[in-house]
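Open the model in your viewer and keep the sequence panel beside it. This tour goes stop by stop, with something to select at each one.

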Amino acid sequence: MLCKTCASENLQKLAGELTASFLEVKRSNLPPLYECQDVLVCLDCGFAEIVIPAPELELLKRRKAASGS
Ligand SMILES: [Zn+2]
């Protein structure tokens with residue numbers, strides 16, 4: 001597997017913790033999503049990838065819909 005940004009092979013999987021919040025002011029009152037997932041990090045350019053599991057994706061969609069589109 002190669003880095004999607006710089007094509008380096010110097011990738012490292014790390015145990016990650018992520019807190020993600022909507023950026024829009026109208027959604028600033030929504031609780032942040034807290035996620036513990038493996039993160040694939042390029043040790044050459046810093047590009048990182050994480051996959052949000054389906055249940056958490058559904059939660060994000062419901063919060064977005066409930067706060068207006
Ligand atoms: Zn890279």
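**Stop 1: a hairpin.** Select S2 and S3. These two strands form a hairpin, with 5 residues between them. Now pick Gly46, which sits in the turn. Its phi is positive, at about 90°. Keep in mind that this is a predicted model.

Stay with the two strands. S2 and S3 run antiparallel and are joined by 2 bridges. To see one of the pairings, select Leu40 and its bridge partner in S3, Glu49.

Next, look at how S1 meets S2. The two pair in the antiparallel sense over 10 bridges. Select Ala15 and then Asp38, its bridge partner in S2. What holds such pairings together in general? Strands of a sheet pair through backbone hydrogen bonds, either parallel or antiparallel.

**Stop 2: the zinc ion.** Which residues coordinate the zinc ion? They are Cys3, Cys6, Cys42 and Cys45, each through its SG atom, at 2.3 Å. The site is tetrahedral, with angles of 106 to 115° among the 4 donor atoms. For comparison, the ideal angle for four tetrahedral donors is 109.5 degrees.

Now find the donors in the sequence panel. Their spacing along the chain is C-x2-C-x35-C-x2-C. Cys3 lies in the segment before strand S1 (11–20), and Cys45 in the loop between strand S2 (33–42) and strand S3 (48–49), so this pair ties together parts that are 42 residues apart in sequence.

Is Cys3 buried or exposed? Cys3 is buried, with a relative accessible area of 6%. Cys45 is partly exposed, at 38%.

**Stop 3: the segment before S1.** Select Lys4, which is placed in this segment. Lys4 is exposed, with a relative accessible area of 63%.

Check its backbone: Ala7 has a positive phi of about 65°, although it is not a glycine. Ala7 is partly exposed, with a relative accessible area of 47%.

Stop 4: Select Arg27 in the loop between S1 and S2. Is this residue, Arg27, buried or exposed? At 2% relative accessibility, Arg27 counts as buried, the cut-off for that class being under 20%.

The charged end of Arg27 sits over the ring of Phe22, 5.6 Å from the ring's centre.

Colour the aromatic residues. How many aromatic pairs are there? The count comes to 0.

How values were computed:
Residues are numbered from 1 along each chain as its sequence is written. This is a predicted model: local features need pLDDT of at least 70, side-chain atom pairs count only at pLDDT 80 or more; totals for chains, interfaces and linings use all residues. Side-chain values use heavy atoms; hydrogens and water are left out. Donors are N, O and S atoms within 2.8 Å of the metal (3.2 Å for Na, K and Ca); water is not among the atoms, so sites may look incomplete. Four donors count as tetrahedral if all angles lie between 85 and 135 degrees; four count as square planar and six as octahedral if opposite donors are over 155 degrees apart and all others between 65 and 115; anything else is irregular. Helices (H or I, at least four residues) and strands (E, at least two) are DSSP runs, numbered from the N terminus. Buried means under 20% relative accessible area, exposed over 50%, partly exposed in between (1.4 Å probe, protein chains only). Two strands pair if DSSP finds at least two bridges between them. Rings of Phe, Tyr and Trp (its six-membered ring) pair if their centres lie within 6.5 Å; planes under 30 degrees apart count as stacked, over 60 as edge-to-face and the rest as tilted. A charge sits over a ring if NZ of Lys or CZ of Arg is within 6 Å of the ring centre and within 35 degrees of the ring normal.
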